[in-house]
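Please look over the sequence and the model below. A short report on the fold, the pairing of the chains and a few local features follows.

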Number of protein chains: 2
Amino acid sequence: MTDKPIRRIGIIGTGVIGASWTSLFLAKGLQVVATDVAPNAETALRKFVEKAWPALERLGLSPGASQSNLKFTPALAQAVAGVDLVQENGPERIDFKKKLYGQLDELLPPDVIVASSSSGLTMSEIQSGAASHPERCVIAHPFNPPHLIPLVEIVGGAKTSEATIQRAAEFYTSIGQRTVQLNKEVPGHVANRLQAALAREVYHLVADGIVSAADVDTALCWGPGLRWGIMGNMMINHLGGGPGGIEHFFQQFTGPMTAWWKVLGSPVLTPEVQKKLIDSVHAEVGSRTIEELEAERDEILLGLLELRTKRPQTAAPRPLAAAE
Amino acid sequence: MTDKPIRRIGIIGTGVIGASWTSLFLAKGLQVVATDVAPNAETALRKFVEKAWPALERLGLSPGASQSNLKFTPALAQAVAGVDLVQENGPERIDFKKKLYGQLDELLPPDVIVASSSSGLTMSEIQSGAASHPERCVIAHPFNPPHLIPLVEIVGGAKTSEATIQRAAEFYTSIGQRTVQLNKEVPGHVANRLQAALAREVYHLVADGIVSAADVDTALCWGPGLRWGIMGNMMINHLGGGPGGIEHFFQQFTGPMTAWWKVLGSPVLTPEVQKKLIDSVHAEVGSRTIEELEAERDEILLGLLELRTKRPQTAAPRPLAAAE
């Protein structure tokens, strides 16, 4: 591998995820070359970045950050020429990805990382398309939208090198993202599994008529959810044990926790169940538009991110450690 | 029932939950009479309230709020004389509660609400001890600690009157808490079930060696958790569907969601699994003390609550609606 700083990013696919990555990288002072075959892709991308910019300004731009550092080309080879890292956000079809990784394998020198935003495919499958240099391919899965939510889940495939994983983790960390490393490839990585686990019980409680959508949302966002944007479950358990910490927590709560697990629901999302959930959401939403609700969500999210980061300590990309 | 304002609260049991309720009620300008049979209960209670007070000041005291509005007596009959509502936080033993509710049934006029903080027992069981007036007994389950976390889960037993449920909901809402109403008695009410559903997958991922405690915590609190303190799951799904809202969300995500449900884990909390979880938490915690971590958690929590409530609109107890 290499200690070469990562300064120029190739973005493949400029849908919602690719456009959000683009906004983030630009805000961190990086050069971005984006490509997408969709008609009007460039216009839509530049519009997305422009709309995202005020939030990024509020969170703190890095030196040199500018929307003018964005180039767009419909040609893949042109987009990835001279980049240090590719962030790939293509369609979630294994045949498509394998072919794309074959092309990238031929186009790119071996010290360029190819990072996939894939949530549904494994890197072991994807990198089988890259005959020469599968070791530089890695999953770097964002939590949408990455320009606002800092999580990046990093996991290699069978042929990914440890150096690639470390270099990717250092890169995303250096621009202020929060990375986690999975030791195994599992469906949904971590965050989507946590969401799915929670949603299952939420749907059960509403589908079973125990509470309305409005009430289950209140229970979450004025109850345990208030802490889940501050600390994770394990740390909260540690504090939930009082002075005895996590040991005391398990002594005290293994019984009730295990009992609750036995009665959690397993809803089946039939059309009827979906209709019940949808109707209850509409009763909760009332006349509020999606735009209004999005604005409310993002305003508080920005405030919470400011609270948690205080000064923008991670604003400037720092040189990669020479440790590799 | 009655339209009588609720101004004077009897607190039975001044452990962590009872002491936190006491602090909240005092901050809302109410009179509190507390009772507990434990030695030193009064000293511990007054110390708790004093320690909680700065946070309550920051969130906004109501007119007349004062720690001097707290009276303590070890005698149950004296504690509940003249109160408008009893908040009961006794031990979670059904024989104890039934006996206690029998005593309260005799001591209290029928227009006094008896609200239980119980998380583990149902009101149908508990109120069977109250021969004359089971209809004024209701579960009002806080999320610990109620002086910081606003959620109150309200659910009646088989004999609880609708008027009691409505009057309780109005009371807790009037002092700024966020209430949800359960249409059925279920183990763990709502919030504990949501926590249990999430924790199950968290423990699975750590126990199975997929991620460390530190990383699963990062994935939650820098990922989906960031939104769960802002909006609930159903509303987030609605916005996750883009312009198509909740309908589009289910069209798009029923497939992956259902697939993830099939692979979520079902850990068994054997001593070995607990040890693995505990060790991983200690690696995450490092040298940070529980006090330091608590202070960090509560500082951000207060900031988030300020963000979400902006002006303290709910600071003054408003007269109960005359609608009943």
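Is Asn40(B) buried or exposed? Asn40(B) is exposed, because its relative accessible area is 61%. Here buried means under 20% relative accessible area, exposed means over 50%, and partly exposed lies in between (1.4 Å probe, protein chains only).

This is a predicted model, where local features need pLDDT of at least 70, side-chain atom pairs count only at pLDDT 80 or more, and totals for chains, interfaces and linings use all residues. Residues are numbered from 1 along each chain as its sequence is written, chains are lettered from A and ligands numbered from 1 in the order in which they are written, and side-chain values use heavy atoms, with hydrogens and water left out.

**Backbone features**

Asn40(B) sits in the loop between strand 2 (31-35) and helix 2 (41-59) of chain B. Helices (H or I, at least four residues) and strands (E, at least two) are DSSP runs, numbered from the N terminus. Phi of Asn40(B) is positive, near 65°, in a residue other than glycine. Asn40(A) also has a positive phi, about 65°, and is not a glycine. Asn40(A) lies in the loop between strand 2 and helix 2 (41-59) of chain A. Asn40(A) counts as exposed, at 62% relative accessibility.

| Cis peptide bond | Omega |
|---|---|
| Asn144(A) to Pro145(A) | near -10° |
| Asn144(B) to Pro145(B) | about -5° |

Pro145(A) is in the loop between strand 6 (137-142) and strand 7 (151-156) of chain A. Pro145(B) is in the loop between strand 6 and strand 7 of chain B.

**The sheet**

Chain B holds an open sheet of eight strands with mixed pairing, in the order 3-2-1-4-5-6-7-8. Its edge strands are strand 3 (70-72) and strand 8 (178-181), and each pairs on one side only. From one strand to the next, the twist averages 25°. Two strands pair if DSSP finds at least two bridges between them. Strand 6 (residues 137-142) and strand 7 (residues 151-156) of chain B are antiparallel, over five bridges. Across this pair, Ile139(B) stands opposite Val155(B) in strand 7 of chain B.

Now take strand 1 (residues 8-12) of chain A. Four of its five residues are buried. Strand 1 of chain A runs parallel to strand 2 (residues 31-35) of chain A, joined by five bridges. Strand 1 of chain A is also parallel to strand 4 (residues 85-88) of chain A, through four bridges. Gly10(A) has Val33(A) as its bridge partner in strand 2 of chain A, and stands opposite Val86(A) in strand 4 of chain A. Strand 1, helix 1 (residues 16-27) and strand 2 of chain A form a right-handed β-α-β unit. Right-handed means that, with the strands pointing away from the viewer, the path from the first strand over the helix to the second runs clockwise.

Chain A can be laid on chain B with an RMSD of 0.0 Å, by a turn of 180° and a shift of 0.0 Å along the axis. The two copies are therefore related as by a two-fold rotation axis. Copies are superposed by least squares on the C-alpha atoms of residues with pLDDT of at least 70 in both. The same surface serves both copies: 100% of the contact residues of chain A recur in chain B. Contact means heavy atoms within 4.5 Å.

Helix 8 (residues 213-221) of chain A lies across strand 7 and strand 8 of chain B, at about 135° to strand 8 of chain B. Axes are lines fitted to C-alpha atoms, for helices over the stretch in contact, and angles run from 0 to 180 degrees between N-to-C directions.

The largest nonpolar core has 147 residues. Such a core is a set of buried Ala, Val, Leu, Ile, Met, Phe, Trp, Tyr and Cys residues joined through side-chain atoms within 4.5 Å. Tyr203(A), Val216(A), Tyr203(B) and Val216(B) have the most contacts inside the largest core. Helix 7 (residues 191-207) of chain B gives the most to this core, with eleven residues. Leaving out residues up to four places away in sequence, Val216(B) touches Val190(A), Leu194(A), Met234(A), Val202(B), Leu205(B), Val206(B) and Val211(B).

Arg297(B) lies in helix 13 (residues 290-309) of chain B. Arg297(B) is buried, at 12% relative accessible area. Beyond its neighbours within four places in sequence, Arg297(B) contacts Arg227(A), Ile230(A), Met231(A) and Leu239(A).
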